[in-house]
Amino acid sequence: MMRRKNKRRVIKWLLWVSGILGTVILALALIKIDDVVMAQGIVEPGQKIYIDSPMSRVIEALYVQPGDTVIANQPLALLYNGDLRAAVGAAEKDIKREHANLESDRARLALLREKPTAEELKIAESRVDQARISLTAREQELKRAEHLYFGERLWSIDDHQRAQVNYELAMVNLKVATETLNMTRRGPSLAELQQAEAAVRQSEAALEKAVHQLEAAQEALERTIIRTPVDGVVARRDLYPGMQATQGGIILIVAGLAEGTVIDAWVPETNAWKVLVDQKVEILSNLFTDREGFVGYGEISEVYGYAIHEGGVRTFGLEVVVTETPIPLSYGSTADLRIIVGRRSILKLLLGLENRDVIQASRQYKSLRQKTASKLEALDSLRVLPDSIGP
């Protein structure tokens, strides 16, 4: 009798335990929670502007530091420019000299084109009149000398010859004055005008060259002032005053305000197949000791289709757009990401079973990416094809 009671009691307890276990298993199978993939990332600007050096020079001054807000065209840094300032000063002096030369050549050309002036004609005519009067006087002296020498024998032969020479000189002076008057009436010759015009053109070319040299010097001087092209926040500073900046080398990085903050993250390859664009992400910033109390939110904007092998582990890269945070995240800080890839029952989580809808979504996403890549390759081949076909 006791055996039957003990047996019934055992069966009763087994039924209770089985029922409880069945209920627990059923509850675990029915209750679904978020299926999460963990990732790690670094906070980066959504729009990253690299401020590089346009030339190889020593940094003379830096006007900003990381965290400063800047506006477009604001000076950020200054390169050494003492030699360039001297070059600008020398170019300005050259322009003044060439401008004076040009004004002188233009005045000379204008004077030639205005010839003969009334004053020049009067002067030339008066010189002819003077030469004629002088010739008349010398002619009378010569006649008197001939009379006194040949007739009365009062003058010597030297006096006669002197009068003869003075008469001949007066004739020559009249001839020169007459020719000068004719030349004055004709004005400048074609050769003189061409020479003056050539001098003006040469001075204009010299002035234009000096202006270009000044513009080049001013442009080079302006390039030593490093400015930001957009509104933003200084995210990083790589060089300091006194350091050598190479041409194209990065001096600063400015985070543009046109786009928000992003997180460049990586996920292990074992879970990378689950991660898709537009999936929601919980951000646990390592800036806070109580990370659960300062949870941020975002969504995946891009998933890179290649793996990076570091330290014996392969990871896939992705980009997360930050949509909400308790306080702004600092650039360069790290964060853990909980990527919500779907919902799965607790039982499947314990047993490691994946949902079919997650697998199907991943397959469709990969298929869509492959088709898009094929279409892009086809378009690229069509763009190249006309160039490769001959006429």
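**Why these labels?**

Author: Tyr304 has a relative accessible area of 24%, so Tyr304 is called partly exposed; buried means under 20%, exposed over 50%, and partly exposed in between, with a 1.4 Å probe and protein chains only. The model is predicted, so local features need pLDDT of at least 70 and side-chain atom pairs 80 or more, while totals for chains, interfaces and linings use all residues. Residues are numbered from 1 along each chain as its sequence is written, and side-chain values use heavy atoms, leaving out hydrogens and water.

Reader: What makes Phe288 buried or exposed?

Author: Phe288 has a relative accessible area of 14%, so Phe288 is buried. Phe294, at 35%, counts as partly exposed.

Reader: How many aromatic pairs are there? And why is the pair of Phe288 and Phe294 called stacked?

Author: There are two aromatic pairs. Rings of Phe, Tyr and Trp (its six-membered ring) pair if their centres lie within 6.5 Å; planes under 30 degrees apart are stacked, over 60 edge-to-face and the rest tilted. Phe288 and Phe294 have ring centres 4.6 Å apart and planes at 25 degrees, so this pair is stacked. Tyr304 and Tyr306 form a tilted pair, with 6.0 Å between centres and 40 degrees between planes.

Reader: Why are helix 2 and helix 5 called roughly antiparallel?

Author: The axes of helix 2 (residues 82–114) and helix 5 (residues 190–223) cross at roughly 160 degrees and come within 8 Å. Angles under 35 degrees count as roughly parallel, over 145 as roughly antiparallel, 65 to 115 as roughly perpendicular and the rest as oblique. Helix 2 and helix 5 are therefore roughly antiparallel.

How values were computed. Axes fitted to C-alpha atoms, helices over the stretch in contact; angles between N-to-C directions. Helix = DSSP H or I, 4+ residues; strand = E, 2+ residues; numbered from the N terminus.
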